[in-house]
Amino acid sequence: MNGETMLKRFKSWSLSKCIEKTAQDLQLLVRIESADAKGFASCCSCGRRDHYKKLNGGHYVSRGFKATILDRQNVHAQCVRCNVIDNLPGYTAFLDVEYEKGFSMELMERARSIKQWTREELVELRIQFRKEIKEHRKRIGE
Ligand SMILES: [Zn+2]
């Protein structure tokens, strides 16, 4: 789907639906991006390995915060169990290693800012996410 077609579709949806659809693509991207050649990835909270299709794209700061719902540094492959119980200590430790010590505070800070998404921005992000997903699908032989 090109940008024009997607924008047309986005204009027929509510803004929150556009954000949701874009977030779903990001969640898929972070899972497939962290997958090895066989499609397996580790949970960011507990380290358990599973096929990326069985993992979630788990947000550190809750999806309710619109400023960070589409922030790649806030979304990582996470097992269903850790996502459901909200395994924050494991996730915080992962962020310390993946980015820098205390990074979770930076995410909380970002989450507090006000973000007004536009459909044009969302289309741009979604196209980028989908392009990368396609490349990763090729990489793992899907
Ligand atoms: Zn886990």
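Helices (H or I, at least four residues) and strands (E, at least two) are DSSP runs, numbered from the N terminus.

Keep in mind that this is a predicted model: local features need pLDDT of at least 70, side-chain atom pairs count only at pLDDT 80 or more, and totals for chains, interfaces and linings use all residues. Residue numbers start from 1 along each chain as its sequence is written.

Among the residues making the contact are Cys 18, Leu 26 and Ile 32 of α2, and Leu 122, Phe 129 and Arg 130 of α6. Two residues are in contact if their C-beta atoms, placed from the backbone, lie within 7 Å. By class, this contact of α2 with α6 has 10 nonpolar, 2 polar and 7 charged residues. For that tally, Ala, Val, Leu, Ile, Met, Phe, Trp, Tyr, Cys and Pro count as nonpolar, Asp, Glu, Lys and Arg as charged, and the others, Gly among them, as polar.

## α1 meets α6 too

On the α1 side you'll find Gly 3, Met 6, Leu 7, Phe 10 and Lys 11, which meet Arg 119, Glu 120, Leu 122, Val 123, Arg 126 and Ile 127 in α6. Sorted by class, the contact of α1 with α6 has 6 nonpolar, 1 polar and 4 charged residues.

## Into the core

In soluble globular proteins, nonpolar side chains tend to be buried together. Here, the largest nonpolar core has 30 residues, and Leu 26, Cys 43, Tyr 52, Leu 55 and Ala 77 touch the most other members. A nonpolar core is a set of buried Ala, Val, Leu, Ile, Met, Phe, Trp, Tyr and Cys residues joined through C-beta atoms within 7 Å. The largest share of this core, 7 residues, comes from α2.

Cys 43 has contacts beyond its neighbours within four places in sequence: Arg 48, Leu 55, Ala 77, Gln 78, Cys 79 and Cys 82.

Arg 48 sits in the loop between β1 (40-42) and β2 (49-51). It counts as partly exposed, with 13 C-beta neighbours inside 10 Å. The cut-offs are 20 or more other C-beta atoms within 10 Å for buried, 12 or fewer for exposed, and partly exposed in between, with C-beta atoms placed from the backbone. Arg 48 and Cys 79 are 31 residues apart in sequence, and 7.3 Å apart in space, C-alpha to C-alpha.

Ile 114, in the loop between α5 and α6, is exposed, with 6 other C-beta atoms within 10 Å. Arg 130 lies in helix α6 and counts as partly exposed, with 16 C-beta neighbours inside 10 Å.
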